[in-house]
Amino acid sequence: MTTDVTPAPEPLVLVERQEERRTALVRLNRPKQLNALNGAVMDELCAALEELDRDDGVRAIVVTGNERAFAAGADIGEMAGASPVDMLRANRIGQWDRIRRIGKPVIAAVGGWCLGGGCELAMTLDLIIAAEDARFGQPEINIGVIPGAGGTQRLTRAIGKSRAMEMILTGEPMDAREAERRDLVARVVPDELLVEDALALAAAIAEKSPIALRLAKEAVNAAYEMGLTDALAHERRLFYLLFASEDQKEGMTAFLEKRKPDFKGR
């Protein structure tokens, strides 16, 4: 007598820790759907990033997709019949807010399509490395809605009102080289080097003080969220606060002694 065993579903998000480099690679794993971001994907992604944020062995994180797409938008089938009350109760957009609250540096390694909610996800992360074949866009206008997870706000802040307006009103995408020229992405690399280059950048970041990294990230984000006077005052408070850390003492002592610092995150 045989018993049928239903195989466990494949994870929608794969996590690979690189202990020696103190980094982690998080890969969206819904390739047949071009990594469309349904509720289950976002739940797994948020949980993975929050766990890595608590892991003292990880100091920087890379999020990527696959060769065809970083993420080609939200899962339209999941939302098509929803009412305003359904959307409010599900609070899907709250998952992007959870990602925004991750304290460690998170790099988006974007290849292929990066559209809609996928583009909003990439912009929610701290910086973007793009492959030559990357395409960024907010095509929600084509299905009768607008970006809802930050697309109208972050894209406008990144590339300016006129170009953002054109992209959002037409739904037409932007290629990687234009995204680099307009400062949406930090750099463009050959397709085959995307993940390794992003991990190398993460490893370089991971060598710094974990406390200083968190506060530096907070200070840069404040530049988008506060007026200049308040943001300068906030930066100054964070700067002074770091003088209570062991890492500050180690970093400055190592500089004076002409050696590499050994940051402990304390």
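Is Phe239 buried, exposed or partly exposed? I looked it up: Phe239 is partly exposed, at 47% relative accessibility. My cut-offs: buried is under 20% relative accessible area, exposed over 50%, partly exposed in between (1.4 Å probe, protein chains only).

Ground rules next. The model is predicted, so local features need pLDDT of at least 70 and side-chain atom pairs pLDDT 80 or more, while totals for chains, interfaces and linings use all residues. Residues are numbered from 1 along each chain as its sequence is written, and side-chain values use heavy atoms, without hydrogens or water.

I then searched the whole structure for aromatic pairs and got two. Phe239 and Tyr240 make a tilted pair, with 5.9 Å between centres and 50° between planes. Phe239 and Phe243 pair edge-to-face, at 5.3 Å centre to centre and 75° between the planes. A pair here means rings of Phe, Tyr or Trp (its six-membered ring) with centres within 6.5 Å; planes under 30 degrees apart are stacked, over 60 edge-to-face, the rest tilted. The ring pairs join Phe239, Tyr240 and Phe243 in a cluster. I checked accessibility too: Tyr240 is exposed at 54%, and Phe243 is partly exposed at 36%.

Next entry: Leu121. I found Leu121 in helix H5, residues 117-124 (a DSSP run of H or I, at least four residues, numbered from the N terminus). Leu121 is buried, at 1% relative accessible area. Beyond neighbours within four places in sequence, Leu121 contacts Leu28, Leu37, Leu45, Phe70, Trp96 and Ile99 (heavy atoms within 4.5 Å). I also noted that Phe70 lies 51 residues from Leu121 in sequence and 9.6 Å away, C-alpha to C-alpha.

Methods
Helix = DSSP H or I, 4+ residues; strand = E, 2+ residues; numbered from the N terminus.
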